[in-house]
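I opened my notebook to look around a protein and write down what I found. Here is the structure I had on the screen.

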Amino acid sequence: MIFKDLWTGFRGCPRPNELLKSLAVWPLACRAAHQLGTEKPVPLLLQLAHWTNVPSTIAWMIRRLGGPPYVMVVHGENLSSTWPLLKLKLDEAAETLSCTQFNANRLSAAGLRMPVVCPHGVECL
């Protein structure tokens, strides 16, 4: 199901390198999910994915493989990532944080989940 969602998420993407990056991190996500399931001295309760591209893709994959939920932090620089996959990752995130109201409004205007606005340097969770 992960590969189907990846393919759907990247359909029509003007930047095919984004799909290649996501496929390249698949082994890392599998290894991390395995380690979280077998080698955890202290249970990991939450992942923090601090970008909407590769870090959130890895966290999303780990979650899909049975790992812990993730919080996604969005930034303006990478909000241009593929919208179908971005929407899927936002929908499945336990929470979404944005460092600016501008980014939050941009996501909301695109019909995506409205994140909590948390300016840099402020603890929000």
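**Entry 1: the whole chain.** I began with burial, and 38% of the 125 residues in the protein turned out to be buried. I kept in mind that this is a predicted model. Next I looked up the secondary structure and found six helices and four strands. Reading from the N terminus, I wrote their order down as α-α-α-β-α-β-α-β-α-β. I also checked contacts with a separation of 6 or more, and residues 24 or more positions apart account for 54% of them.

**Entry 2: the core.** Which residues have the most contacts inside the largest nonpolar core? I found Met 72, Leu 86, Leu 90 and Leu 107, in a core of 19 residues. The elements that give two or more residues to this core are α3 (26-38), α4, β2 (70-74) and α5 (83-92). Helix α4 gives the largest share, four residues. I then picked Leu 90 and listed its contacts, leaving aside neighbours within four places in sequence. My list for Leu 90 reads Met 72, Val 74, Thr 96, Leu 107, Leu 112 and Arg 113.

**Entry 3: helix α4.** After the core, I wanted a closer look at this helix. I noted its buried residues: Ser 56, Thr 57, Ala 59, Trp 60, Met 61 and Ile 62. I stopped at Ser 56, which sits in α4, residues 54-64. Is Ser 56 buried or exposed? Its relative accessibility is 0%, so I put it down as buried, since the cut-off for buried is under 20%. Not counting residues up to four places away in sequence, Ser 56 touches Ala 49, Trp 51, Met 72 and Lys 89. Following the chain past α4, I came to Gly 66, whose phi is positive, near 100°.

**Entry 4: salt bridges.** I searched the whole structure and got two salt bridges. As a reminder to myself, side chains of opposite charge can pair when their charged atoms come close. In one of the pairs, the side chains of Glu 92 and Arg 64 meet at 2.7 Å, N to O. This pair links distant parts of the chain, with Glu 92 in helix α5 and Arg 64 in helix α4, 28 residues apart. Glu 92 is partly exposed at 30% relative accessible area, and Arg 64 is partly exposed at 28%.

I also wrote down the pair of Lys 87 and Asp 91, whose side chains meet at 2.7 Å, N to O. How many residues apart are Lys 87 and Asp 91? They are four apart in helix α5, about one turn of the helix. Lys 87 is partly exposed, with a relative accessible area of 36%, and Asp 91 is partly exposed at 44%.

**Entry 5: helix α6.** My last stop was α6, residues 101-109, where Asn 103, Ala 104 and Leu 107 are buried. Why do these three count as lying on the same side of α6? They cover an arc of only 100° around the axis, so they end up on the same side. On the other side of α6, I found Phe 102 and Ala 109 exposed. Leu 107 was already in my notes as one of the core residues with the most contacts. After α6 comes Gly 111, and its phi is positive, near 80°.

Terms used: Residues numbered from 1 in each chain as written. Predicted model: local features only at pLDDT ≥ 70, side-chain atom pairs only at ≥ 80, totals over all residues. Heavy atoms only, no water. Buried < 20%, exposed > 50% of the residue type's maximum accessible area, 1.4 Å probe, protein only. Contact = heavy atoms within 4.5 Å. Core = buried A, V, L, I, M, F, W, Y, C linked by side-chain atoms within 4.5 Å. Salt bridge = Lys/Arg side-chain N within 4 Å of Asp/Glu carboxyl O. Arc of directions from axis to C-beta.
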